[in-house]
Amino acid sequence: MLVLEPIFEADLPPEQYAYRPGRNAQQAVVEVEERLHRGQTDVVDADLADYFGSIPHAELMLSLARRIVDRRVLHLIRMWLECSVEETDDRGRKKRTTEAMDSRRGIPQGSPITPPTTEQTAA
């Protein structure tokens, strides 16, 4: 994150709040309220269902390679994309899955390249 975040953060418009350092949903609400008081009445909110679970690995890696020249960093990202995920069921049994690697799509939930969930940011 220390290496990648500044590279991609610079491209994001100031109106975007999701998954950004130092920004949260409450700040987005304040921004909308301020804009409403200034007479702006259009608000766009988008949420793509299962977006992180559907990202195609090949296209993602090509896109990243346009901005990241260090092959070691790209290799590390590919390893994260293809890592197995260990889950514990209700009975305490552990199960490993390689769904993202097998389908070559998606980012394994909880991996270092997955945006933090509300629970992770609150901890």
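Helix α2 covers residues 25-37, and its 13 residues should span 18 Å at 1.5 Å a residue; the end C-alpha atoms are 19 Å apart, which agrees. The expected span is 1.5 Å times one less than the number of residues in the helix. Helices here are DSSP runs of H or I with at least four residues, strands are runs of E with at least two, and both are numbered from the N terminus. After α2 comes G39, whose phi is positive, near 100°.

The model is predicted, so local features need pLDDT of at least 70 and side-chain atom pairs count only at pLDDT 80 or more, while totals for chains, interfaces and linings use all residues. Residues are numbered from 1 along each chain as its sequence is written, and side-chain values use heavy atoms, with hydrogens and water left out.

Stepping back to the whole chain, there are seven helices and two strands, arranged along the sequence as α-α-α-α-α-β-β-α-α. Of the 123 residues in the chain, 16% are buried. Buried means under 20% relative accessible area, exposed means over 50%, and partly exposed lies in between, with a 1.4 Å probe and protein chains only. The chain exposes about 9900 Å², of which carbon and sulfur atoms supply 54%; accessible areas come from the Shrake-Rupley method with a 1.4 Å probe, and for residues only the protein chains shown count as cover. Among contacts between residues at least 6 apart in sequence, 43% join residues at least 24 apart, where contact means heavy atoms within 4.5 Å.

What does the largest nonpolar core contain? It has ten residues: L4, I55, M61, L64, I68, V73, L74, I77, L81 and I107. Such a core is a set of buried Ala, Val, Leu, Ile, Met, Phe, Trp, Tyr and Cys residues joined through side-chain atoms within 4.5 Å. Two or more residues of this core come from each of α4 and α5 (71-82), and α5 gives the most, with four.

The buried residues of α5 are V73, L74, I77 and L81. Seen down the axis of α5, these buried residues fall within an arc of 100°, so they line one face of the helix; the arc is that of the directions from the helix axis to the C-beta atoms. An α-helix has 3.6 residues a turn, so residues three or four places apart point the same way. The buried residues of α5 pack against α1 (4-9), α4 and α6, whereas the face turned away from the buried side carries the exposed residues R71, R72 and H75. D70 caps the N-terminal end of α5, with a side-chain oxygen 2.8 Å from the backbone nitrogen of R72.

H57 sits in helix α4 (residues 57-65) and is buried, with a relative accessible area of 3%. Leaving aside neighbours within four places in sequence, H57 is in contact with R78, L81, A100, M101, R104, R105 and G106. The C-alpha atoms of H57 and R78 are separated by 8.1 Å, although these residues are 21 apart along the chain.

R104 lies in the loop between α6 (99-103) and α7 (118-122). Is R104 buried or exposed? With a relative accessible area of 61%, R104 is exposed. Phi of R104 is positive, near 55°, in a residue other than glycine. Most residues other than glycine have a negative phi.

R20, in the loop between α1 and α2, is buried, with a relative accessible area of 9%. The side chain of R20 reaches the backbone oxygen of P13 at 2.7 Å. Not counting residues up to four places away in sequence, R20 touches E9, L12, P13 and P14.

Conventions. A polar contact is a pair of N or O atoms within 3.5 Å; within protein, one must be able to donate a hydrogen and the other to accept it, and residues adjacent in sequence count only if both atoms are side-chain atoms.
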